[in-house]
Amino acid sequence: MKAPCLTYAGNAEECECRRVYDAVSAVPLKIKILRRMAMALPRFYRPWVLALFFLVFTCLASAQPQQGAGGYQPEEGQSGKDVVWIPTEDVLVDIMLNMANVTGKDYVVDLGSGDGRLVIAAAKRGARALGVEYNPQMVELSKKNAVLHGVADKVQFIHADLFDVDFSQATVVTMFLLDELNLKLRPRLLDMKPGTRVVSNTFMMGEWKPDQIGSVPAERKCAYYCFASLWIVPAKVEGTWKLGSRELTLEQRFQMISGELKSGARVEPIKEGVLKGDQISFIAGETHYTGRVDGNRMQGKLTSGKKSTGWSAQRVGYALK
Ligand SMILES: C[S@@+](CC[C@H](N)C(=O)[O-])C[C@H]1O[C@@H](n2cnc3c(N)ncnc32)[C@H](O)[C@@H]1O
């Protein structure tokens, strides 16, 4: 029986394949143990016993998909508290984690973690990872899947409403929710440490435009939910800064910055101002400034023609909002 694909990314064969993949992923370990047991038998009986094991496991592997990893078999499209469960395609899971550049140094939180696939994939890259899921059966299934994939020690799954959970310590937040839920989360995401990566399957963040968009390659014939977007939480730079003897006034709209640099009567508009996490870059007059923001200080390098030198600035006032 194939999993119902409904409004889900992928064709019918892929749905069935994924289900089989989950079920058989635990098989190699069991085969090793049974092979060892068979080796303890007299040589004459070994091929017959191994053939019997093989037969039994082939049947078990094809029977398991009907059961799911822990007896509970979720249905794609089943209702969830604020959004239904539709799993992210495995190929897109990889794309999302690549976009966020997930490594062993990361703490990844998946908001609405479903069967735990993003959390498990992140843990396989060495990251610590947390899944927040409202459906308790999905939480149990995720825990079992983590054991099957050998990453139980790196992951945690909690049964909670994602809006009630403190995920501020995450270095990467992943989600597959809805535009309006992303918008509800947006203020909290923007308050996270600059440089935190946020990756969303398909759904956007309103006026906060993504820093990068990635999609499933055409040859994978993905039909729905085939792309993801990455946002890098920008440092907060709005306000007035003292830059040497000059005054830099910055206005900020998410990662985009504008404003002016005043030097006596001379006023230069800020052009091409952009933040990537705590990295700032802008042009004033003929000079290109790049640097790093650290709270109320920023410093870096300025280039004017062929000359480069250091610069630093101190915030002296916040803009009134
Ligand atoms: C579209 S699925 C995505 C699952 C998983 N993140 C993935 O990409 O494969 C959304 C998940 O969010 C869960 N969910 C919905 N509302 C929630 C809430 N308020 N708190 C926690 N989980 C929620 C659903 O049960 C479902 O498993």
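**Entry 1. The disulfide**

I started with the sulfurs: cysteine 222 and cysteine 226 form a disulfide, with their sulfur atoms 2.0 Å apart. I note that this is a predicted model. I then asked how many disulfides the structure holds. The count is one. A disulfide is a covalent bond between the sulfur atoms of two cysteines.

Next I looked up the hand of the link. The torsion about the S-S bond is -90 degrees, and the link of cysteine 222 and cysteine 226 is left-handed.

Are these two cysteines buried or exposed? Cysteine 222 has 21% relative accessibility, so I log it as partly exposed. Cysteine 226 has 15%, so I log it as buried. The cut-off for buried is under 20%.

I checked backbone angles next. Lysine 221 is not a glycine, yet its phi is positive, about 50 degrees. I placed lysine 221 in the loop between β6 (212-215) and β7 (227-232). Its relative accessible area is 61%, so lysine 221 goes down as exposed.

Glutamate 272 also came up. Its phi is positive, about 50 degrees, and it is not a glycine. Where does glutamate 272 lie? I found it in strand β11, residues 266-276. Glutamate 272 has a relative accessible area of 64%, and therefore I log it as exposed. The cut-off for exposed is over 50%.

**Entry 2. Aromatic pairs**

I searched the whole structure for aromatic pairs and got eight. One of them joins phenylalanine 282 and tyrosine 289. That pair is stacked, at 4.7 Å centre to centre, with 10 degrees between the planes. I looked up burial for both residues: phenylalanine 282 is buried, and tyrosine 289 is buried.

Tyrosine 289 also pairs with tryptophan 311. What is the geometry of this pair? It is edge-to-face: the centres are 5.5 Å apart and the planes are at 85 degrees. I traced the two partners along the chain. Tyrosine 289 is in strand β13 (residues 287-294) and tryptophan 311 is in strand β15 (residues 307-317). They are 22 residues apart, and the pair links distant parts of the chain. Tryptophan 311 is buried, as is tyrosine 289.

I also noted a cluster. Phe176, Phe203 and Tyr225 form one aromatic cluster.

**Entry 3. Charges over rings**

Which residue lies over the face of tyrosine 134? I found lysine 81 there, at 5.7 Å from the ring centre. I then looked at tyrosine 107. Arginine 128 lies over the face of that ring, at 4.3 Å from the ring centre.

**Entry 4. The ligand**

I then went through side-chain distances. In aspartate 82, an N or O atom of the side chain is 2.7 Å from a nitrogen atom of the ligand. In threonine 88, a side-chain N or O atom is 2.5 Å from an oxygen atom of the ligand. In glutamate 133, a side-chain N or O atom is 2.6 Å from an oxygen atom of the ligand.

How much of the ligand does the protein cover? On its own the ligand has 600 Å² of accessible area, and the protein covers 99% of that.

**Entry 5. Arginine 117**

From threonine 88 I moved to arginine 117. The two are 29 residues apart in sequence and 8.0 Å apart in space, C-alpha to C-alpha. I placed arginine 117 in helix α5, residues 117-124. Its relative accessibility is 13%, so arginine 117 counts as buried. What does its side chain contact? I found a polar contact of 2.7 Å with the side chain of aspartate 115.

**Entry 6. Lysine 262**

I found it in strand β10, residues 256-263. Lysine 262 has 32% relative accessibility, so I log it as partly exposed.

Note on methods:
Residues numbered from 1 in each chain as written. Predicted model: local features only at pLDDT ≥ 70, side-chain atom pairs only at ≥ 80, totals over all residues. Heavy atoms only, no water. Disulfide = S-S within 2.5 Å. Buried < 20%, exposed > 50% of the residue type's maximum accessible area, 1.4 Å probe, protein only. Phe/Tyr/Trp six-rings, centres within 6.5 Å; stacked < 30°, edge-to-face > 60°. Helix = DSSP H or I, 4+ residues; strand = E, 2+ residues; numbered from the N terminus. Lys NZ or Arg CZ within 6 Å of the ring centre and 35° of its normal. Polar contact = N/O pair within 3.5 Å; in protein donor to acceptor, adjacent residues only side chain to side chain. Areas by Shrake-Rupley, 256 points an atom, 1.4 Å probe, with all protein chains shown as cover.
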